[in-house]
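These are notes for a colleague on one model. The points below cover a strand pairing and a chain interface.

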Amino acid sequence: MSFENLLSFLGLLTVIAPALLVMIFFVAFLWDYRLHEQTIGKMIQSVIAISLISAMAAAAIMVVRQIAHYPIEVGDWVITPSYHLRFEFVLDFLSLSYVILTLVLCATIAAFSTRYLHHESGYNRFFVLFSIFMLGMVTAALSDTVETMFAGWEMVGLSSVLLIAFFQERPSPPRNGFRVWVVYRVGDAALMLAAILMHEINGAGDFDHLTGNNAWPAHDPLLIGPHFTLLGVLFIVAAACKSALVPFSSWLPRAMEGPTPSSAIFYGALSVHLGVFLLLRVSPVLDSSPWLSVALVVLGLVTSAVAYLSGRVQSDIKSALALASLTQVGLIVAEIGCGFRYLPLFHLLGHACLRTLQFLRAPSLLHDHHQLEDAIGSRPRAKKAEWEQRLPKDAQVWLYRFSLERGYLDNCLEKYIARPFAKIFLRIDAMEQTLAAWLNGDQDESTDQTTKRKPH
Amino acid sequence: MNLLSLYLLDVTLILPLVGAVVVAFIKAPADAFRCCFGFVVVTFVCGCGASLEYLSVPNDVIRNDDIFAIDNLTAPMIPMLAMLHLLTLMGTAKSHVTISFCMRLLLAEFINLSIVSSHSRSIIVGLLLFSIVLPAWDLFSRGMRLRGYLLYMTAFALLLIAGWRMSENSTSVFAVGLLLIALLIRGGILPLHGWQPPLFQRASLGTSMLYVLSLVEVLAVIRLVLPHASVGMLQVGGAACLATAVYCGALAVVQNNVRRFYAHLCLSQTSLVLFAIMAATPSSLTAALCLWMSTIVSLGGLGFAIRSLEARFGELSLSNYHGHYNQVPGLAICFFTTGLAAVGFPGTIGFIPMELLISSSMTQGLAISLALALAAMLNALAIMRAYFALFTGRKPTTSVSLQVSPIERAGIVIITLLVFLGGWFSPSVVESRHRVAEELLQHHLNGREVRDADVGLMQAAEIDRRTQVLRRWRQPAPRPPFRRDLNELVSPQELLEGLLIL
């Protein structure tokens, strides 16, 4: 076997192993067969081990052979003269770094979760969603076409939302899950439009076309023009939705409704960085226009500032960690806007690892704090920052309320978008029902109630 | 009698009709259900056989007697529609089966399969008119008022008959316009959609599904309107369809009644198919034909899940959380996967059609693509909201087991397999739909060329443009260029315009 074939094999095995796991769960569902906890745990660990070893072996071969960029063509899925959908993966510094990070953190979380969720009623459901998430992340990380990225992106979004609603007997997790889904769908629509625009511009959705014949992070100097600016705007919107940048930041604390392991991996480590990863992957497009870079810097810094302020006044540890995470994500985005490529990547890798450990430590940290409080007989006092003390009293109060309301972003979205939308269409619906009742000649009958109706 | 001498297509068409007659003589509903099930299963098998027979014979049309025939367009649709009827029956709780429901289902199967396989304009028109009777019968048998439904359907029937009669002699724009408006009423396109949500609310869900989801109006548009329609007419129709997709998607998000939610979702999705047909470009037609199939599977599966839930829990509201996941997890997964397939989630049967549709719309402007993406987004929001409302929340206590029955389990397995395997086999389906789209577009161009002498040079130029598109399209699929010259792609003015529209 030549080393090219070996690289292709290893690259594909990295994706196929999680795909196989999802397939096993699917077949089990079709057969109505309930897998045991131990079986699931072993399967998850084996799959992650296979995938991780493959990715690391591929990375080692590339380092030894000094290959910076190795595309793996899976094949053309659909070809028409006007549209062509190709699945292709790429092994390069960016993709391998992110996929190895993904698998390492997934292994940690899987090991933690098998104990943490032991005998939990939703154990199977958690690991089904976890495996879909892992497949999505690996697919997105290794993708070399925007369609492959989109497939992974959607899987990550779906599994995230369903895990937020994991404790589904309470009303607030599904409610918050739905809010997150709304933001994700905006991002998905932006990414889909970007994919199609990319096809129109390049004739294909390959990221290779953005970097010329060079490896990431090089870019082709021909990528200049208003169409690339539009493409960049769509990518930024998609990334902003996924990474909770302003004005879409409000969903991140809401996402903490899920179990701790999912919060750790999704919103502390991987999912929240997927938007940043997208920006790094399409960085040649961002380089095409200085306005895009400026927008990214502003977006990143504003996000960072809002998240920092909001995080200062949180009373629960998971929300505080989520907002701390967002502060760093904002800084990483600003770094990308400043034209750095390796710095944000290393920042991302380090931050993801740190935050995962913090999230996993969060439940036991609370226990430690209780012990500490018992020992000293009171609550440890939080120190105010120096600059906060120098502010006038009114400004402090205003800033406190601003932080407590998380920059009023949630309120604004609800007041100016969600409520008017619901109000308008509910009114239209009522009018339609009145018209239908009038046409049927049953005005006196309540139109919303279909009384005396048999179910079938 | 040598059964092999009969064409499978004939058997496929006759069986439901015979079944309806046989069921009419049965007294017990349980026996009627068994008999109906037998006929529907055999019809499905024969439909598959007919399609396979067609695929094994390299002819354009397997029979050409100008009445019923199977061709490239209809070959996959016959088993697909037969399966929709089978799934509808499988989703019907035995306790709710009536003899009249079985008869209506078999008659609906006969009508829908006959419309799809008919090549005669008059037969298509006659069957479309006959199909109006079944929902009316259902509403009447349930003691519901018919006036609203009949008002819309009378308008549909009158316009259809007038358009058909006028287009028999000459294919004038007016006649084709009447046909188009009639079919837009049948498809529930804005602002003529008012009959569909009340029908879903008042009639049985099974009957409504079969009337709406078979999407026979798509075939009628292809057979009756597309060959003679002018570009402007199709553009107006397409705009109405697109507006319907967005408007009904938005209404689906705010519904508090599960049937109205489903009705608006169906309206939004089916209007996307009609929109793609009316765009009349090779890629949009391909998208339409693929979307037709995926819509039947996905919305049929969603309807199956809703019917099974209603059979257990009665009327369902979306204004609170019901918590049915723990009782019927299989139905929850069925509901969710089919819902995702309807909005084109990757890996499902709906992914490629939605991608093709939005991609094909790029040539018409960014605003159109944006509207399509918006419609897909709204539908996805509606589905997730409904899923959370139905399946999350505090688990209700029941004294009896509400687990799915074996027949429902089989239905869930079939639907789930179709949703995911359909996604895997999309490439070959797209390829075959390409060929059909090419034929249809050629037919459309021929129809326009006949009228070319009368309509002047402007339309001739349009035909030239479309012929060029077709010629380019017929060339073997080239490998996409590494990078096209940027100026060749889009002019700066066009890009500026696109940005402004966005």
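1. Two strands count as paired if DSSP finds at least two bridges between them; strands (E, at least two residues) and helices (H or I, at least four) are DSSP runs, numbered from the N terminus. In E2(A), His84(A) is the bridge partner of Ile79(A). Strand E1 (residues 69-79) of chain A pairs with E2(A) in the antiparallel sense over 9 bridges, and 4 residues lie between the two strands of this hairpin.

2. This is a predicted model, in which local features need pLDDT of at least 70 and side-chain atom pairs pLDDT 80 or more, while totals for chains, interfaces and linings use all residues. Residues are numbered from 1 along each chain as its sequence is written, and side-chain values use heavy atoms, without hydrogens and water.

3. In strand E2 (residues 84-92) of chain A, 9 of 9 residues are buried (under 20% relative accessible area, 1.4 Å probe, protein chains only). His84(A), Arg86(A), Glu88(A), Val90(A) and Asp92(A) point one way, and Leu85(A), Phe87(A), Phe89(A) and Leu91(A) the other.

4. At the interface, 92 residues of chain B are in contact (heavy atoms within 4.5 Å) with 82 residues of chain A. The buried area is about 8000 Å², with 66% from carbon and sulfur atoms; this is the accessible area (1.4 Å probe) lost on putting the two parts together, summed over both.

5. The rule finds 2 salt bridges between chain B and chain A (side-chain nitrogen of Lys or Arg within 4 Å of a carboxyl oxygen of Asp or Glu). Asp429(A) and Arg260(B) meet in a salt bridge at 2.8 Å, N to O. Helix H17 (residues 366-391) of chain B gives the largest share of the side of chain B that touches chain A, 14 residues.

Terms used: Chains are lettered from A and ligands numbered from 1 in the order in which they are written. Buried means under 20% relative accessible area, exposed over 50%, partly exposed in between (1.4 Å probe, protein chains only).
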